[in-house]
Amino acid sequence: MSMKIRLARGGSKKRPHYAIVATDSRMPRDGRFLEKLGTYNPLLAKDDERRVQMNMERVQYWLSQGAQPTDRIARFLEVAGVREKATRNNPKAAVPGKKATARAAEKAKKAEAAAAE
């Protein structure tokens, strides 16, 4: 059985509140889970200690059983000092898209024409 530690969404529309759960990866996002490990409230300030609360003892247990954390949970664990910080590299994220490149070229062309006059 492939285990995951992931977020399960709760709360009303535009007021999200998440539970950090250990679940089988085949279960739906908000479906059945084996154990609730903590909570995440993205509406609180980033420096608020209640924003992310985890039972680290149980998280360690599930990690030792082979559970894989999702990207967001892995970042929470990095901040908590449980996992070493992974290097992330996405060089294409900073590259503008086709339309932005075309607009920039058009703007440069207009500026060049204005400078020539």
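User: Hey, is Arg88 buried, exposed or partly exposed?
Analyst: Arg88 is partly exposed, at a relative accessible area of 43%. Here buried means under 20%, exposed over 50%, and partly exposed in between (1.4 Å probe, protein chains only). This is a predicted model, where local features need pLDDT of at least 70 and side-chain atom pairs count only at pLDDT 80 or more, while totals for chains, interfaces and linings use all residues. Residues are numbered from 1 along each chain as its sequence is written, and side-chain values use heavy atoms, with hydrogens and water left out.

User: OK, which side chain does Arg88 meet in a salt bridge?
Analyst: That's Glu78, at 3.0 Å, N to O. A salt bridge is a side-chain nitrogen of Lys or Arg within 4 Å of a carboxyl oxygen of Asp or Glu.

User: How many salt bridges does the count come to?
Analyst: Six, by this rule. One of them joins Arg26 and Asp24 at 2.8 Å, N to O. Arg26 counts as exposed at 64%, whereas Asp24 is buried at 8%.

User: What about Glu106, which partner does it have?
Analyst: Lys110, in a salt bridge of 3.8 Å, N to O. Glu106 and Lys110 are about one helical turn apart, because they are four residues apart in helix α3.

Technical notes: Helices (H or I, at least four residues) and strands (E, at least two) are DSSP runs, numbered from the N terminus.
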